[in-house]
Every structure is written in structure tokens, then in C-alpha cells.
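Here is a short briefing on the model shown below. Keep the sequence and the 3D view open as you read.

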Amino acid sequence: MKCQDFHEIVDSYLCDELLTETNHEVLRHLEMCAACRNLIQDRRILREKLKSAVKNAELFQMREGFHQELLVNLRQNSETAESPKRFFKINKNSWIAVAACLILTLGLGFWFLRYRDVNSFPAEIAGVDEAAKQVSLESIALGDHQNCAVKFNLPEDPIDIDLASPQYADLKRVVLNPLENASDKYEFDESHTCKFQGNDFTHIVFLHQGKIVSVLLTDFHKFGNLKNDEMTKTSVGDYQIARFDRKNQAVFVVSDLSEQENFATAELLASSARQQISFNERAETNLLVALKIAF
Amino acid sequence: MFKLIKRKSEKESLWEDFEQEAMPFSADLFRVAMFLKRERDAAEDLVQETFVQALKSFHRYEQGTNCKAWLTTIMYHTHYKQLRKQTNLHLVADTEEKIAGTVAFEAPIPQQITDEDVLQALGKVPQNFKEIVVLCDVEGFAYKEIASFLDVPIGTVMSRLHRGRKILRGELAVFARNYGIKTEDTGEVKYKEGKSL
């Protein structure tokens with residue numbers, strides 16, 4: 001190793017980030033080269049001085065009592081908050097309850113799949129005042145875009161999607177992949193779950209052509225669904241809202257892009273979602289056959 | 001009644017684990033928060049919010065892994081979210097290229113340099129570089145961990161660390177000259193009145 005080579009990796013050597021073999025080469029070089037030994041010594045001294053200067057500086061010390069206040073606040077928080085941990089803990093005596101739940105779930109699943117196949121949802125769920133409700137859900141999605149992605153004006157803080165639940169992370173992947181692979185550039189900005197006018201949204205924000213684009217997913221059960229493969233577009237002021245449905249969710253693309261560009265973004269997501277659903281439906285059909293045999 | 005006691009004991013045990021694993025890092029988190037917020041009240045708020053979030057998702061923390069790095073990741077998430085709320089700005093311009101060529105020489109580190117000198121010099125390092133120098137040299141995080149906090153590639157961490165340290169040494173060279181220590185830009189040894197090496 002030459003001095004020049006050493007100078008190139010001296011920072012990583014100092015941080016102990018080199019491979020063992022490279023480390024050995026460095027040590028061999030240092031045995032031979034006094035100049036580099038001095039250099040590394042200087043750097044170590046500076047590093048230690050920096051560490052002690054910052055750690056001892058009054059500016060960076062917590063004020064007296066802060067740690068205690070923190071403990072008290074967190075303690076109160078832990079007492080009022082529900083512990084998610086306990087949902088995953090099952091004691092020995094709960095196995096019967098778990099088995100009963102499983103049978104019930106399978107039964108309901110069977111019922112759901114069977115009735116879904118013959119397209120016999122009860123009319124009062126799917127059909128009543130659908131047009132009015134659809135408009136309403138779109139206006140709520142637009143409101144969420146304006147108050148969450150654009151102005152940060154929500155009464156409740158959004159929860160980061162990774163912290164919210166692992167299943168949302170999966171959903172994020174469903175939306176992220178098609179947009180990241182698109183020929184037009186979509187720059188991922190953030191993803192979270194948020195609440196607007198009582199509706200929970202999974203909210204993924206992109207930047208496209210310098211504008212904020214919201215992809216919002218929400219349960220449409222209260223509002224009614226679109227027909228298969230149907231897509232809608234609506235303009236409200238400068239905003240464009242495109243919608244398609246994915247299983248039991250409405251997916252909105254809301255932005256102030258042009259009508260054509262906003263709709264193209266929604267089409268991109270819809271085609272990817274359809275592919276996923278057809279794959280899942282094949283899996284469900286297999287499950288249905290298996291359940292019919294079992295019952 | 002038995003279930004109630006059991007539920008309480010689970011909460012109690014979660015809290016005890018949290019207190020034991022996470023709370024000892026409050027001082028470290030506060031230091032990082034001070035670098036991010038540059039103001040005591042805002043730093044305290046950030047630390048508090050970080051611990052609240054950490055407590056909420058503590059069931060996802062894997063015991064035995066690096067708790068300080070886990071907490072710092074949450075702190076950065078929280079900080080960026082607050083920034084985004086406050087400003088609605090997206091940082092796109094990077095000052096790295098502008099700064100890259102401004103520091104030209106290596107200076108030896110004089111023993112006489114005080115903590116105040118070091119802090120003053122650190123204060124002159126641009127924020128992008130300073131935070132990586134602090135995370136690496138003061139807090140002892142690995143490249144990989146820093147890359148994950150800042151959501152940048154490891155190569156960016158390495159280059160910013162290199163430049164940050166270089167700028168810091170450049171700033172300290174000013175103090176070195178004041179102490180009468182030779183620097184490579186002039187090649188001369190200047191002795192300040194009343195000082196000796």
C-alpha cells in the first residue's frame with residue numbers, strides 16, 4: 001500500500017469500517033511509514049477531542065430534571081395507551097377460543113367467497129344512492145389531499161406507514177412499484193395513514209413534474225363501489241380526482257396535474273392492481289374448491 | 001380479576017423493558033436533537049416525541065439489537081415529519097459540490113486547542129456535513145446506520161464524512177495558526193507572542 005492509497009481510506013480506517021484484509025494492509029503500511037502514522041495519530045486526537053468537546057459541552061447537556069419529566073410523561077402514556085404486544089400473546093388456555101375463531105373465520109370466508117362469485121351482494125349495501133355517495137367520498141379524498149399533503153392541517157397527526165402496521169407496508173409496495181418503474185419520473189415523498197372527516201386513508205405522496213400527487217386508499221363499504229374495471233375522473237377547481245376500485249377499497253389519485261396526466265397515473269396503478277387481483281382471485285378459487293371439499 | 005392483573009403485569013413488563021433498554025439513551029438522543037433543532041425547547045420536544053413513538057412501537061423492537069440506532073431512526077423520521085409540516089419544502093439543492101473545493105490544506109491538530117475551539121470550528125461546518133461527523137465521530141454510529149437515518153446511500157455518507165472532517169480540520173487550522181503552529185498552506189512556522197510549542 002502507498003501513502004496515496006492510505007489517504008483515500010483513512011476515514012474508513014478511523015471508523016473501523018474496513019475489511020479485515022484491508023485493515024492488515026493498512027497496519028503493515030503504518031509500520032513502515034512515519035508520516036502516515038503521524039497523520040492517523042492527528043486524526044485520532046481530533047476525533048477524541050471532538051467527542052469529548054461535544055459530550056462535555058453545557059449546550060448539549062440535558063437540563064436537570066428533563067429525564068425525570070420524560071419518565072413521568074412516558075409512564076403516564078404507557079398506562080393510558082393500549083399495548084399492542086398483548087394481541088400477539090396467546091396463553092395456553094386461549095387455544096380453544098383461537099380454534100373457535102378460526103372455524104368462524106373459515107365459515108364466514110366460505111360464505112363470502114360463495115356469494116361474491118354469484119355477484120349477490122345485498123342491494124342495500126351496494127346500490128343505494130350510489131352516485132351521491134361516490135361524489136361524497138371523492139370530495140373527502142380531495143379534502144384529505146388538501147389538508148394532509150398540501151397544508152398539513154389535519155386534527156390528528158398521521159402515523160408513519162412503517163410504524164402503523166406491517167400490512168400497510170405491503171400496500172405501499174403495491175403502489176410504489178408501478179410508479180417507480182414508470183417511464184415518467186415519480187419521486188416518492190412519504191407514506192402514512194391519516195384520518196379525514198372520520199375516514200381512514202392509506203396515503204402515499206409522490207412528486208411528479210414538481211407537483212404533489214396523492215394516492216389515497218380507503219374502504220368504500222359505507223359509500224358504494226364502482227363497476228368492475230370502471231374508472232372515473234372528476235375536476236374540482238384546479239384539482240383532478242381519478243378513482244378506481246381494488247377489492248373492497250377505493251383508490252384515488254388526486255393532484256393538480258392536468259386531467260390527462262392525473263388519469264394516466266391512475267391507469268398505471270389500476271392496471272397493476274388488476275394484475276395483482278387476478279393473481280389473488282386464482283388463489284381464492286383454489287381456496288374455495290378446497291373449502292367445498294372440506295365441508 | 002386474574003386477567004386484569006395479568007394484563008397490568010404485561011404493561012408493566014413492557015414499560016420495564018422500555019425503561020431499561022431505551023431510557024438510558026435519553027442524553028445521547030438529546031445531543032443529536034440539539035444538532036437537528038439547534039434550540040433547547042425544540043430539542044426537548046423532539047426527544048419527548050421520539051420516546052412516545054418508540055414506546056408505541058416498542059413491541060417491534062428486537063431485544064439485543066442496537067437500541068440507540070433504533071431510537072435515532074425514529075428521531076430522524078419524527079424530525080423530517082416536523083420539518084415537512086412546518087415548511088412544506090423539499091430540500092433538493094445540495095451544497096456539497098459548492099463546498100467541495102473550498103478547503104485545500106491539511107493542518108496538524110495542536111494539543112493546545114480547547115473544547116471551545118473545537119465546538120466553534122464544528123459550528124462552522126455546514127449542517128449536511130456536520131450531522132454526519134457528529135453521528136459518526138461523537139455518537140459512534142456505523143456508516144450503514146447513518147445511511148439508514150438519513151435515507152442516503154453509504155457512498156454519500158462516506159463522502160460527506162470525508163468532506164465534513166476536512167472542513168473541520170480547515171477551520172481548526174485557523175486556531176492552529178493563532179497558536180503559532182505550522183500549516184501546509186504557508187509552509188511557515190509563526191509564533192504568536194508569548195506562546196511556545
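**Sheet pairing in chain A**

A:D219 has A:Q249 in β7(A) as its bridge partner. This is a predicted model, in which local features need pLDDT of at least 70, side-chain atom pairs count only at pLDDT 80 or more, and totals for chains, interfaces and linings use all residues. Residues are numbered from 1 along each chain as its sequence is written, while chains are lettered from A and ligands numbered from 1 in the order in which they are written. Helices (H or I, at least four residues) and strands (E, at least two) are DSSP runs, numbered from the N terminus. Two strands pair if DSSP finds at least two bridges between them.

**The sheet of chain A**

- Seven strands make an open sheet in the order β1-β2-β3-β4-β7-β6-β5, with antiparallel pairing.
- β1 (159-160) and β5 (231-236) of chain A are the edge strands; each has a single partner strand, so one side of each has no neighbour in the sheet.
- β2 (residues 187-196) of chain A runs antiparallel to β3(A), joined by 9 bridges. Here A:K195 stands opposite A:D200 in β3(A).
- β3 (residues 199-208) and β4 (residues 211-219) of chain A are antiparallel over 7 bridges. A:L207 has A:I212 in β4(A) as its bridge partner.
- The hairpin of β3(A) and β4(A) has 2 residues between the strands, and A:Q209 in the turn has a positive phi of about 50°.
- β4(A) also pairs with β7 (residues 249-255) of chain A, antiparallel over 7 bridges.

**Helices**

- Chain B has 9 helices and 0 strands. Its pattern along the sequence is α-α-α-α-α-α-α-α-α.
- The 12 residues of α2(B) should span 16 Å at 1.5 Å a residue, and the end C-alpha atoms are 16 Å apart, which agrees. The expected span is 1.5 Å times one less than the number of residues.
- The buried residues of α2(B) are B:L29, B:F30, B:R31, B:V32, B:A33, B:M34 and B:L36. Buried means that 20 or more other C-beta atoms, placed from the backbone, lie within 10 Å of the residue's own; exposed means 12 or fewer, and partly exposed lies in between.
- Just after α2(B), B:R38 has a positive phi of about 60°.
- In chain A, α3 (residues 34-56) has 23 residues and should span 33 Å; its end C-alpha atoms are 32 Å apart, which agrees. Its buried residues are A:L46, A:L50, A:A53 and A:V54.

**Cores**

- Of the 197 residues in chain B, 35% are buried.
- The largest nonpolar core has 52 residues. A nonpolar core is a set of buried Ala, Val, Leu, Ile, Met, Phe, Trp, Tyr and Cys residues joined through C-beta atoms within 7 Å.
- α9(B) gives the largest share of this core, 8 residues.
- B:L29, B:A33 and B:I146 are among the residues with the most contacts inside the core.
- Leaving out residues up to four places away in sequence, B:I146 touches B:I132, B:L135, B:C136, B:F141 and B:V157. Contact means C-beta atoms, placed from the backbone, within 7 Å.
- A second, separate core of 31 residues includes A:V215, A:F220, A:I241 and A:V254.

**Where the chains meet**

- 42 residues of chain B contact 39 residues of chain A.
- α3(B) supplies the largest share of the chain B side, 7 residues.

How values were computed: Contact = placed C-beta atoms within 7 Å.
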